[in-house]
Structures are given as structure tokens and as C-alpha cells.
Amino acid sequence: MDKQTISIQQGDKTAFAALVGRFQKPLFSYLGKMTLPQAIAEEIAQETFIRAWQAKATFDPKKASVSTWLFTIARRLALNELDRASRRSEVSSLTSAVLESDPIVKEYEDHQHLSPQEALQQSELKQALWQALTTLPPHDRSLLALAYLKDLELAAIAEIEGIPVGTVKSRLHRIRQQLKSTLSGESIHE
């Protein structure tokens, strides 16, 4: 067990603040890719860290890495939120909220120097992509979002998702094919 983990388990708030600083952006990125609006993603990220702090004594580094533990907590909270949203019939409204508030999308747009026509095409492409993402079941969105996080290996994704690595690979292939088909206007026939 590393020194930071021991310090956190002993209640060191400074060590925990360093952990939050290290994982805040990756967690927020993951939650944004799950098509959650910025405000909800922020709440879930905050709740993830609160729950991690409350359960710090039960964390076992022999069973999982800190990142796997945190992403597992965030995944459960995000899936619960998406389930509640779908029951409230709000999933379709998530798309525009994400496009307007997602910091990754904003950062990308801020660094682009496009002609008006190129900007319109980019906007339409992003809109189509987010629409396609919202048609995916929440578990598929989670898997895809994890796959696009830097420094997260397939074994860690498999552990977070609770499935074998081979299943991660095959589901990712299927999800990407489904998105490709959706974006090209075709339907998938199994």
C-alpha cells in the first residue's frame, strides 16, 4: 500500500485533496462522455469523492487500484442517474445540455479556427454524434466513455464494468459499429 493511500485511510484530508486533484478531470471527462449535463456530472463527481472518503477504511489496494475504485463508484452513480432520467423522459434533453455545457466540447471549439461553413459542419457532426450516443444503452455509454479515457487499460475497464477483457473488446467493437451505422443512417440487423 502506498503512503498516500495509508494517509487517506488514516483520515489525512490533504492527501485526499491531492487524490481529488488527480482524478477530478478524468472523472468529469468520463461523466461528460456518458452524455450527462455539466451540472449533473459535477454533482456525481462530488458524490463519488464523498463516498470514497466515507468508505476510505474499506478500500483494499490488493483488490483494485484507486482509479478503478473511483471510476466504479462514479459509474454506478452515473448509471443510476441515467436510469432516473430515462424514467423521467429527460434523456433527449440531455443532448443539447451536454453540447452547450461540456467543457471538452467547449475547449475543442475554443481552439478551432474554422470557416463558418466548417464550423457549421462540425456543429452538425457533434450534434449527430451526441444524438447517436444517447441512443446507446447506459452500460454501453459507460464502456465507450471508459475506453476513451487516457491511461485506462482494458483490464481496468473490465474490472470497472465487471466483465472479462474479451467481452470489453467485443462490446466495444459492436458499439462502434452501431454508432457508425447510426451516423451513416443505416440500421443494424443482428
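Visitor: Is Phe-59 buried or exposed?

Guide: This is a predicted model. Burial is read from relative accessible area, with under 20% counting as buried. Phe-59 has a relative accessible area of 8%, so Phe-59 is buried.

Visitor: How many aromatic pairs does the count come to?

Guide: A pair of aromatic rings is described by the distance of the centres and the angle of the planes. Rings pair if their centres lie within 6.5 Å. By this rule the count comes to four aromatic pairs. In one of them, the rings of Tyr-30 and Phe-71 have centres 5.7 Å apart and planes at 85°, so this pair is edge-to-face.

Visitor: Which parts of the chain does the pair of Tyr-30 and Phe-71 tie together?

Guide: Tyr-30 lies in helix α2 (residues 13-33) and Phe-71 in helix α4 (residues 66-87), so the pair ties together parts that are 41 residues apart in sequence. Tyr-30 counts as buried at 0% relative accessibility, and Phe-71 counts as buried at 3%.

Visitor: What is the arrangement of the rings of Phe-59 and Trp-69?

Guide: Their centres are 4.7 Å apart and their planes are at 40°, so the pair is tilted. This pair also links distant parts of the chain, ten residues apart: Phe-59 is in the loop between α3 (38-54) and α4, while Trp-69 is in helix α4. Trp-69 has 19% relative accessibility and counts as buried. The cut-off for buried is under 20%.

Visitor: Which residues form one aromatic cluster?

Guide: Phe-16, Phe-49 and Trp-53 form one aromatic cluster. Trp-53 also has a charge over its ring: the charged end of Lys-56 sits there, 4.1 Å from the ring centre.

Visitor: How many residues are in the largest nonpolar core, and which touch the most other members?

Guide: In soluble globular proteins, nonpolar side chains tend to be buried together. Here the largest nonpolar core has 47 residues, and Tyr-30, Leu-31, Met-34, Leu-36, Leu-70 and Leu-146 touch the most other members. The elements that give two or more residues to this core are α2, α3, α4, α7, α8, α9 (154-161) and α10 (165-184). Its largest share, ten residues, comes from α4.

Visitor: How many residues of helix α8 are buried, and which are they?

Guide: Helix α8 (residues 138-147) is mostly covered, with seven of its ten residues buried. They are Asp-140, Arg-141, Ser-142, Leu-143, Leu-144, Ala-145 and Leu-146.

Visitor: What span does helix α7 reach, and which of its residues are buried?

Guide: Helix α7 (residues 116-135) has 20 residues and reaches 29 Å from its first C-alpha to its last. That is close to the 28 Å expected at 1.5 Å a residue. The buried residues of α7 are Lys-126, Trp-130, Ala-132, Leu-133 and Thr-134.

Visitor: What is phi of Thr-35, and where does Thr-35 lie?

Guide: Phi of Thr-35 is near 70°, a positive value in a residue other than glycine. Thr-35 lies in the loop between α2 and α3. At 0% relative accessibility, Thr-35 counts as buried.

Visitor: How many helices and strands does the chain have?

Guide: The chain has ten helices and zero strands. Buried residues make up 41% of its 190 residues. Among contacts with a separation of 6 or more, 66% are between residues 24 or more positions apart. The chain exposes about 11,100 Å², and carbon and sulfur atoms supply 52% of that area.

Technical notes. Residues numbered from 1 in each chain as written. Predicted model: local features only at pLDDT ≥ 70, side-chain atom pairs only at ≥ 80, totals over all residues. Heavy atoms only, no water. Helix = DSSP H or I, 4+ residues; strand = E, 2+ residues; numbered from the N terminus. Expected span 1.5 Å × (residues − 1). Buried < 20%, exposed > 50% of the residue type's maximum accessible area, 1.4 Å probe, protein only. Phe/Tyr/Trp six-rings, centres within 6.5 Å; stacked < 30°, edge-to-face > 60°. Lys NZ or Arg CZ within 6 Å of the ring centre and 35° of its normal. Core = buried A, V, L, I, M, F, W, Y, C linked by side-chain atoms within 4.5 Å. Contact = heavy atoms within 4.5 Å. Areas by Shrake-Rupley, 256 points an atom, 1.4 Å probe, with all protein chains shown as cover.
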